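This briefing is meant for a reader who is meeting the structure for the first time. Please look over the sequence and the model shown here before turning to the notes that follow.

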Amino acid sequence: MNTARAWEVLGTVPDPEVPVISVVELGIVREVMVDAEGAVEVVITPTYSGCPAMFEIEKDVRHALEAAGASTVTVRTVLSPAWTTDWIPASAREKLRAYGIAPPGPADRGGLVSLVRARPPVACPWCGSTQTTLQSEFGSTACKAIHVCGSCRQPFDEFKAI
Amino acid sequence: MGAQGHDAEDVGIAAGAAQAGDRPVAGPSRGPRLGPPLVEYLLRLGDDRLILGHRLSEWCGHGPILEEDIALANFALDLIGQAASLLRLAGAVEGAGRDEDALAYFRDGVQFRNSLLVEQPRGDFGDTIVRQFLFDAYSVLLWEALLGAPHEGLAAIAAKAIKEDRYHLRHSSEWVVRLGDGTAESQARVQGSLDRLWRYTGELFEADAIDQAVAAQGIAVDHRALKARWDQLVDEVLARATLVRPADGPMQRGGRTGRHTEHLGHLLATMQSVARAHPGARW
Ligand SMILES: [Zn+2]
């Protein structure tokens, strides 16, 4: 087991809530260290403070690396720098869209509290239409919002930009 | 979903809105015994979010509409997650071997440091939304002030939590506008919520010896500036919601030093019952 191999293995561990992308593509694996004896230390950062999937992810990471021959696996959680959807690469965004989830737009970096929602409409992942309406900022998981498409009439999830 | 007046009416589980006569219960007779300032400070931050998160979790399965049920559960999850981080840090700073679970489940009411605002009963949906808005506006501004705190752990929590709380504030402020500028019924009810809850807002901006002590360690929040920005933000939303800002009359206080209203005890009895009946249980 070396660092490159460990990253490769982690690239096969799916996000339990959005299994079409890996935990690496999600951007939560921050650092991977492997010592001479094959002991692996993985540093992950949570998506949301209360995300219940983090425990599951930690377990999956451990199992995958052990199965691939790691002698021991330590998973450490760090809060800083805070996770942002900007860390999700373009290739993974395409996978989300193909899966029926609108990928996140750029994260809001403004320091001001915005009270008037002036977001551009989110394109429907099914038909591409931008005639869509935000139904709720809070969806099936902490990381998703619900929209409805006015063209194909399908509801869809959006991966929230954060 | 929408601004129909029945949203508020249909919520049949109102647990009694905050009563006008609520007073903090008597504290320990020889005055509060407070711990090291940074531990106290982190407990105040953590307990606000733990208690409010629990209040919001009471809506799970009872929301007026499905989207709001999910939204309030999401809020609760974020706040309880933030509380876990803050209490874990408080326990680490204290150095007495208490983790976040020990602090959440094995302290009694007088040891809790949350503000009185967050322990008030959830009331109806309007009460819950108004309280959430008042708190979210405070919380976002407080995290902004703490982003640069010269304490790595606290600054990291602030940077994480502010992203979540911005979403919360956007959502709760929109609902305040929707209900306030809604029907005559919804407007009268949320105006009532605002009038009842206002007396608990002063405590959020009070600075005492604990604040001064952590300020000396560099964790300096300018409470007056915080209040001025909060006033501006709240006024803007209330104006849009056609609601009348209550006068700043006498404010209720005591939560920060462990003198709570009767409501906290009932909440803790529920929140702590499983952990106390089965100490150390894992699943
Ligand atoms: Zn469509």
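**Helix packing, a zinc site and backbone details**

In chain A, helix α1 (residues 3-10) packs against helix α3 (residues 53-67) at an angle of about 130°, and the two axes are 9 Å apart. The coordinates come from a predicted model, and the points below take up its features topic by topic.

**The contact of α1 and α3 in chain A**

- Where α1(A) passes α3(A), the crossing is right-handed.
- On the side of α1(A) the contact is made by Ala6(A), Val9(A) and Leu10(A), and these meet Val61(A), Ala64(A) and Leu65(A) of α3(A).
- Sorted by type, the residues of this contact between α1(A) and α3(A) are six nonpolar, with no polar and no charged residue among them.

**The overall make-up of chain A**

- Chain A holds four helices and seven strands, and read from the N terminus these elements follow the order α-α-β-β-α-β-α-β-β-β-β.
- Taken along the principal axes, the C-alpha atoms of chain A fill a box of roughly 55 × 35 × 25 Å.

**The zinc site**

- The zinc ion has as its protein donors the SG atoms of Cys124(A), Cys127(A), Cys149(A) and Cys152(A), which lie 2.3 to 2.4 Å from the ion.
- Along the sequence, the donor residues of the zinc ion follow the spacing C-x2-C-x21-C-x2-C.
- The angles subtended by the four donor atoms around the zinc ion are 105 to 113°, and the arrangement is therefore tetrahedral.
- For comparison, the ideal angle for four tetrahedral donors at a metal is 109.5 degrees.

**Backbone details in the loops of chain A**

- The peptide bond that leads from Ser80(A) to Pro81(A) is cis, with omega near -5°, and Pro81(A) is placed in the loop between β3 (73-77) and α4 (90-99) of chain A.
- Arg153(A), a residue other than glycine, has a positive phi near 65°, and Arg153(A) is found in the loop between β6 (144-149) and β7 (155-159) of chain A.

**A helix pair in chain B**

- Helix α7 (residues 152-180) and helix α10 (residues 223-240), both of chain B, have axes that come within 8 Å and cross at roughly 40°, and α7(B) and α10(B) are therefore oblique to each other.
- The crossing of α7(B) and α10(B) is right-handed.
- The contact is formed by Leu169(B), Ser173(B), Val176(B) and Val177(B) from α7(B), together with Leu233(B), Val237(B), Leu238(B) and Arg240(B) from α10(B).
- By type, the residues of the contact of α7(B) with α10(B) are six nonpolar, one polar and one charged.

Technical notes
Residues are numbered from 1 along each chain as its sequence is written. Chains are lettered from A and ligands numbered from 1 in the order in which they are written. This is a predicted model: local features need pLDDT of at least 70, side-chain atom pairs count only at pLDDT 80 or more; totals for chains, interfaces and linings use all residues. Side-chain values use heavy atoms; hydrogens and water are left out. Axes are lines fitted to C-alpha atoms, for helices over the stretch in contact, and angles run from 0 to 180 degrees between N-to-C directions. Helices (H or I, at least four residues) and strands (E, at least two) are DSSP runs, numbered from the N terminus. Angles under 35 degrees count as roughly parallel, over 145 as roughly antiparallel, 65 to 115 as roughly perpendicular and the rest as oblique. A crossing is left-handed if the near helix is turned anticlockwise from the far one by less than a right angle, and right-handed if clockwise. Contact means heavy atoms within 4.5 Å. Ala, Val, Leu, Ile, Met, Phe, Trp, Tyr, Cys and Pro count as nonpolar, Asp, Glu, Lys and Arg as charged, and the others, Gly among them, as polar. Donors are N, O and S atoms within 2.8 Å of the metal (3.2 Å for Na, K and Ca); water is not among the atoms, so sites may look incomplete. Four donors count as tetrahedral if all angles lie between 85 and 135 degrees; four count as square planar and six as octahedral if opposite donors are over 155 degrees apart and all others between 65 and 115; anything else is irregular.
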